[in-house]
Amino acid sequence: MRENIAVLDFGSQYAHLIAKRLRLMGYYSEIRSPSSGTDVFKHTKGIILSGGPSSVYEKNIPEFNEAIFGLDIPVLGLCYGHQLMCRHYGGRVEKGRTAEFGIASLEQKKGADCPLFKGLSFPTRVWMSHQDEVTLLPDGFECTAFTKDCAYAAVQDGKRKRFGLQFHTEVKDTAEGNAVLQNFAQLCGMDKNWNQDAVLEGILDDIRERAKDRSVLLFLSGGVDSSVVALLLHCAIGKNLHCVFVDNGLLRLNEGDQVMEMFGNKFGLNITRVDAE
């Protein structure tokens with residue numbers, strides 16, 4: 001399995017963007033459910049808690065496995081994730097006196113030394129989207145940055161490797177967001193282990209691992225989805241793939257013949273045509 005940074009999706013519209021940003025920088029990232037068991041993080045070097053539309057003090061919030069906080073790896077909370085982490089460790093989260101939606105100016109707290117801010121120039125532009133805010137820090141945490149309307153815009157517990165940011169690093173409106181994510185990846189001890197060219201080989205390796213020496217039956221229609229799956233399986237396991245093409249009589253003129261020509265003759269797949277007209 002590939003080492004990764006896991007993103008826990010609490011329903012944020014930006015959760016997948018976090019993972020995308022990390023991958024574009026060369027760090028493999030996976031989206032995980034907040035209720036995941038700790039066993040799925042065996043190869044995880046760091047965890048990012050995404051934002052989300054809920055308030056941490058409400059009753060019907062996304063289920064979260066708090067045992068995740070017991071893992072000895074860095075954890076970064078963003079927006080809702082920042083609030084959830086602070087509340088878990090004994091802090092207080094309340095509806096803020098002033099909501100922040102849009103661009104804000106982030107100031108570093110005097111004397112604060114945060115590894116996430118390495119190379120950043122303050123004040124720096126960030127994107128805020130919150131009504132709630134942390135109003136009391138947990139024991140062991142310190143404030144590292146603030147905005148005009150948010151006293152605890154960035155916090156950390158360096159000993160436990162826990163970091164919280166009220167703003168969204170993953171959106172382009174946060175001017176130095178990629179630098180923050182880059183610093184977090186380095187803090188996690190991540191090596192660059194992902195690129196777009198490696199995606200195909202990773203998929204093929206996964207197929208080989210799952211299929212092993214067994215035969216695989218695939219119903220191939222000639223449409224985009226089954227065609228892509230068929231070619232991936234063919235590249236991975238060759239003649240152990242058995243395709244069945246059901247010609248139901250409702251295809252376009254000569255389409256059945258075209259499917260057989262393409263996949264049987266051109267690509268050399270092991271394919272059987274069933275006349276079900």
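**Close-up views of a predicted model**

View 1. E1 is mostly covered, with five of its five residues buried, where buried denotes under 20% relative accessible area, exposed over 50% and partly exposed in between (1.4 Å probe, protein chains only). Strands (E, at least two residues) and helices (H or I, at least four residues) are DSSP runs numbered from the N terminus. The model is predicted: local features need pLDDT of at least 70, side-chain atom pairs count only at pLDDT 80 or more, and totals for chains, interfaces and linings use all residues. Residues are numbered from 1 along each chain as its sequence is written, and side-chain values use heavy atoms, with hydrogens and water left out. Asn 4, Ala 6 and Leu 8 point one way from E1, while Ile 5 and Val 7 point the other way; all are buried.

**View 2. The partners of E1 in the sheet.** Two strands pair if DSSP finds at least two bridges between them. E1 pairs with strand E3 (residues 44-49) in the parallel sense over five bridges, and with E2, also in the parallel sense, over four bridges. On the E3 side, Ala 6 stands opposite Ile 47, and Ile 48 is the bridge partner of Val 7. In E2, Ile 31 stands opposite Val 7.

View 3. Nine strands with mixed pairing form an open sheet in the order E2-E1-E3-E4-E9-E8-E7-E5-E6. Strand E2 (29-32) and E6 stand at the edges with a single partner strand each, so one side of each is left without a neighbour in the sheet. From one strand to the next, the twist averages 25°. H1 lies across E1, E2, E3 and E4 and runs at about 165° to E2. Helix H2 (residues 80-88) lies across E3, E4, E5, E6, strand E8 (154-157) and E9, at about 120° to E4. Axes are lines fitted to C-alpha atoms, for helices over the stretch in contact, and angles run from 0 to 180 degrees between N-to-C directions.

**View 4. The largest nonpolar core.** A nonpolar core is a set of buried Ala, Val, Leu, Ile, Met, Phe, Trp, Tyr and Cys residues joined through side-chain atoms within 4.5 Å. The largest has 31 residues, and those with the most contacts inside it are Leu 22, Ile 48, Leu 76, Leu 116, Phe 117 and Leu 165. Among the elements that give two or more residues to this core are helix H1 (15-24), strand E5 (92-108) and helix H3 (177-187). H3 supplies the largest share, four residues. Leaving aside neighbours within four places in sequence, Leu 116 is in contact (heavy atoms within 4.5 Å) with Leu 76, Phe 163, Leu 165, Ala 179, Val 180, Asn 183 and Phe 184.

**View 5. Aromatic pairs.** Rings of Phe, Tyr and Trp (its six-membered ring) pair if their centres lie within 6.5 Å; planes under 30 degrees apart count as stacked, over 60 as edge-to-face and the rest as tilted. The whole structure contains seven aromatic pairs. In one of them, the ring centres of Phe 263 and Phe 267 are 6.1 Å apart and the planes stand at 45°, so the pair is tilted. Phe 263 is buried at 4% relative accessibility, whereas Phe 267 is partly exposed at 33%. Ring pairs also link Phe 10, Phe 64, Phe 69, Tyr 80, Tyr 89 and Phe 141 into a cluster.
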